[in-house]
Amino acid sequence: MGKVPCNSDIALIFYRLATLSQFLDENPFITRAYQKAARNIESLDVDIKHLFDAGKLKAIPGVGEEIAKGIAEIIETGTCKRYEAMKREIPCDVFGLLGIPGIGPKTVRRAYEQLGITTPDELEKAAIEHRLRKLQGMGVKSEAKILTAIRRSKEMDKRITLDVALPIARIAMEYLERCPHVSNVTATGSLRRHRETVGDIDLIATSDADHSEAVLKAFGSMPGVTRVIKSGATEASVILKNVRIDLRIADRASFGSLLQHFTGSKEHNIRLREIAIRKGLKLSEYGITDHETGILTPCGEEAEVYRMLGLPFIVPELREDRGEIEAAIAGSGSLPDLVTEDDIKGDLHVHSKWSDGANSVPELADAAMGRGYEYLCISDHSKSRGIAGGLSEECVIRKINEIDAFNDDNESSRGFRVLAGSEVDIRADGTLDYPDRILEMLDIVIAAVHTGFSQDRRTMTSRIVRAIVDGHVDILAHPTGRLLGERMGYEVDIDRVIEVAAETGTALEINASPRRLDLSDINARKAKEAGVMLAIGTDAHSTYHLGYMEFGVHVARRAWLEPCDVMNARGTTELLRRIGRG
DNA sequence: GCCGTTTTCGGCCCGACTGTTTTCAGTCG
């Protein structure tokens, strides 16, 4: 038997069942039931196998008799009969075809039934040969649209990281702010929820009805726009620097409703609309309509939307339908009081010129003080990281001496302390890259895996566990090793790592580099729930990178972290006590 | 297929834009 399916493997099968049932034109509510179950399985914070063992599968929302049976079957056999049967019934690459923007289940079905098309390549060929336009409901324009969509989907990257998305969003927002008759230009969607990557950029703005179309036209002719996807009376979509930007215009009176609607997530909004229906109301981007009287009440402020539904305000980072609705219903006291950037007292992961950083210790310290920090941990690479200027043992001692001298000159006068740290390699066998003698001289030891990424799950897990039970490690850096959009993390049983971190009192890092964001929001939340402290570090290699702290705090907020869960939300004295240096 | 302070049956989120239609279906977010 193959590997035991995990939550996301099982969720994937139900997502695919949803897609296949859509293709087979089954009752659309069956499709939705599969999707809902898949979403809830995906966002479970426990291993679904535990629920299965305890006979509690039906405790998962959206999981009833049939889906519970399916889950059991997948856990026991790796797949389920219904899924295999449907795949046999449909000898075409439904998933590949539906991956093309503008192609939906109806088109796939017609193309398959009437033209025998089974793959994206065949679809492209049919478009080139002008056979698609003969399909019912298709014309010359649809055919051309599909052809460009296929070509674009081959070259377009899927999701982009925030360091790329934010500057592009700012260009568009500054342009719009200069346009006449426009105000309240605001980023919404996944960007406002601070997801770790975004698929597109969603903007909204207010204008009066007389001018909205002109504003949208102006948006389409913004410098740098390479394509206008659509442009109507209230919304438009364009491509700028290879990124799609959607803009929606509303009047001031319904701005709060619009903001709420476009911030999403889709799943969160569906839950809100269900709540509205139960109260005899209808929620839309225009406001809240009383079902009986038909009277629409637009919300100027976003909080009004929640208030009218009888809920406390829910901050955007929590709007993922991962328990925030239930917490809100239970009362505002059940929602977390999330950590903010103002709570952060220092950066715990920074590289200096001693290894591969661009700035000296005093330069980094000045920049940190400029950000209002009380401390900064200079954590250069250890000796094995030759390629990144890893420090020999005698270099570490010289660095510690430099830091001591700096603190002697500055600590009492400026109320700021540099902490001597190191990002120490965890070797392939789980030992650390410095002897105990050196580790004990450091204020903070950050352990990290930088080599041997292809180790199997068991080896990697016991390697990391060995390192953190060693007793010298304060923080485990970028615990999964992933690089967003570039590289999956190494194989590791993160639940086991969290468990051992809890036992040993080791903090886990939220690496704030926008290419990493590791731990992820979901794993950081698991860590919090296991009683593990999180340390937000920017992994800065220059003073500029200290600004990445905002990305790390966003992940922390999405992980429901409060200041007490974050190691560097503690002041110097408390931090030193925690790491045994106070 | 799931679910219940209207329901164990009859519901299931809402609206914009495009293209092919001549009143609407398909797709998307």
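How many nonpolar, polar and charged residues has the surface near DNA strand B? This surface has 18 nonpolar, 13 polar and 14 charged residues, where Ala, Val, Leu, Ile, Met, Phe, Trp, Tyr, Cys and Pro count as nonpolar, Asp, Glu, Lys and Arg as charged, and the others, Gly among them, as polar. A residue is near the strand if one of its heavy atoms lies within 4 Å of it.

The model is predicted, local features need pLDDT of at least 70, side-chain atom pairs count only at pLDDT 80 or more, and totals for chains, interfaces and linings use all residues. Residues are numbered from 1 along each chain as its sequence is written, chains are lettered from A and ligands numbered from 1 in the order in which they are written, and side-chain values use heavy atoms, with hydrogens and water left out.

Of the 45 residues around DNA strand B, those that come nearest are Arg32, Gly102, Thr107, Arg273 and Tyr286. Several elements each supply at least two residues of this surface, namely helices H2 (28-42), H4 (65-77), H7 (105-115), H9 (140-155) and H14 (266-278), together with strands S5 (225-231) and S8 (281-284). Helices (H or I, at least four residues) and strands (E, at least two) are DSSP runs, numbered from the N terminus.

Among the atoms of DNA strand B within 4 Å of the protein, 79% belong to sugar or phosphate, and the rest belong to bases. Ser142 places a polar side-chain atom 3.0 Å from a sugar or linking oxygen of DNA strand B.

Helix H1 (residues 7-23) packs with H4 at an angle of about 130°, their axes being 11 Å apart. Axes are lines fitted to C-alpha atoms, for helices over the stretch in contact, and angles run from 0 to 180 degrees between N-to-C directions. H1 and H4 are therefore oblique to each other, as angles under 35 degrees count as roughly parallel, over 145 as roughly antiparallel, 65 to 115 as roughly perpendicular and the rest as oblique. Ile10, Ile13 and Phe14 in H1 meet Ile67, Gly70, Ile71, Ile74 and Ile75 in H4 (contact means heavy atoms within 4.5 Å). The contact of H1 with H4 has seven nonpolar, one polar and no charged residues.

With H2, H1 packs at an angle of about 165°, with axes 8 Å apart. H1 and H2 are therefore roughly antiparallel.

Methods
Polar contact = N/O pair within 3.5 Å; in protein donor to acceptor, adjacent residues only side chain to side chain.
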